Amino acid sequence: MHLISLYHSILCLYLGVCLLNLGFASFSSRHTSHMEAGNHTGVSEFLLLGLSEDPELQPLIFGLFLSMYLVTVLGNLLIILTISSDSHLHTPMYFFLSNLSFVDICFISTTVPKMLVNIQAQSKDISYIGCLTQVCFFTLFSGMDNCLLTVMAYDRFVAICHPLHYNVIMNPRLCNLLILISWVIIFCISLLHILLMVQLTFCIGTEIPHFFCELAQIIKLASSDTLINNISLYVATALLSVFPLTGILFSYSQIVSTLTRMSSAGGKYKAFSTCGSHLSAVSLYYGTGLGVYLSSAVTHSSKRSCIASVMYTVITPMLNPFIYSLRNKDVKGALGRLLSRASSCL
């Protein structure tokens with residue numbers, strides 16, 4: 001129970017740091033607005049260079065990304081329908097999984113549809129407001145992915161390390177509160193980035209070497225001072241990536257410690273098998289994210305970083321439904337029952 005209290009303390013500290021960060025951003029925005037009245041962006045639109053400028057590759061890229069987008073949306077919708085339609089899956093673990101599926105749909109919908117529209121229209125334009133919106137929602141949903149994976153690790157920690165108290169601790173009120181707090185924190189951080197981004201100035205015809213408006217790329221392209229933006233980006237990265245990953249690693253260290261004290265080999269396997277899908281999703285998400293970071297740090301090539309980012313912006317949301325359906329007997333069984341009911345109605 002001491003570890004659970006520690007978790008709650010860390011969560012409160014996490015929220016406090018986020019609110020402090022937001023307050024700092026508001027102060028910075030007011031300070032800047034006194035020095036520069038109004039929003040002098042200097043541009044009404046940006047140019048998204050995309051994955052390739054080769055005209056012959058555009059139909060291939062369009063078909064590939066349209067297919068991946070449809071698979072992602074349909075796969076995650078199927079997970080949500082399966083969980084909501086089967087009473088056996090109305091547990092905290094699957095409640096968080098359905099939220100993750102919803103966030104993954106929103107995450108991929110933030111970037112891919114605009115890219116597909118641009119390819120179809122043979123255009124590279126994205127409006128300034130459209131770019132702001134994309135930055136806001138990309139930060140929001142990528143941050144929610146991190147938070148949900150952390151909350152799911154906490155759920156597995158309680159289930160394995162405190163099984164007798166699981167139903168008491170992971171009650172519906174706490175589950176909803178964890179989701180609500182995550183949304184509030186990530187919304188504050190997204191708002192922070194937007195408040196700081198509107199203070200930046202850009203040259204007319206600014207080209208973004210990406211297929212969507214990535215915050216780091218936009219900050220690099222700004223023609224005004226970006227010190228506060230960079231500090232905010234580093235702090236947000238720590239809050240949205242480093243802290244959640246630390247929480248996940250801590251949870252699994254406690255899980256492994258508990259499993260080593262179990263005498264039954266069958267009990268160990270049964271307990272750890274419930275973590276298999278989550279571990280796969282965590283490895284995929286953070287592995288691809290780390291790959292993007294390392295590729296950009298080593299190669300300094302915007303085009304290679306752009307291609308690498310496809311892994312965590314498109315591939316990860318697409319594979320999550322397969323990970324949780326193929327590796328999970330409960331979801332697989334519920335999915336089979338849902339499909340059989342659907343086929344009998346036809």
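This briefing walks you through the nonpolar cores, the aromatic pairs and one serine of this structure. Keep in mind that the model is predicted. The largest nonpolar core has 75 residues, and the structure also holds 12 aromatic pairs.

**The nonpolar cores**
- In the largest nonpolar core, the residues with the most contacts inside it are L51, F65, F96, L97, L149, Y154 and M170.
- Helix α4 gives the most to this core, contributing 16 residues.
- Looking beyond residues up to four places away in sequence, L149 touches L100, I248, H278, A281, V282, Y285 and Y286.
- Another core lies apart from the largest one and has 18 residues, among them L48, V135, C213 and L215.

**The aromatic rings**
- A pair of aromatic rings is described by the distance of the centres and the angle of the planes.
- Take F107 and F138 as an example: their ring centres are 5.2 Å apart and their planes are at 40°, so this pair is tilted.
- F107 belongs to helix α3 and F138 to helix α4 (residues 128-161), so the pair ties together parts that are 31 residues apart in sequence.
- Both F107 and F138 are buried.
- Ring pairs also link F107 and F138 into a cluster with F65, F211, F212 and Y312.

**A serine in helix α3**
- You can find S98 in helix α3, which covers residues 92-121.
- Is S98 buried or exposed? S98 has a relative accessible area of 15%, which is under the 20% cut-off, so S98 counts as buried.
- Leaving out residues up to four places away in sequence, S98 touches I80 and I83.

Conventions:
Residues numbered from 1 in each chain as written. Predicted model: local features only at pLDDT ≥ 70, side-chain atom pairs only at ≥ 80, totals over all residues. Heavy atoms only, no water. Helix = DSSP H or I, 4+ residues; strand = E, 2+ residues; numbered from the N terminus. Buried < 20%, exposed > 50% of the residue type's maximum accessible area, 1.4 Å probe, protein only. Contact = heavy atoms within 4.5 Å. Phe/Tyr/Trp six-rings, centres within 6.5 Å; stacked < 30°, edge-to-face > 60°. Core = buried A, V, L, I, M, F, W, Y, C linked by side-chain atoms within 4.5 Å.
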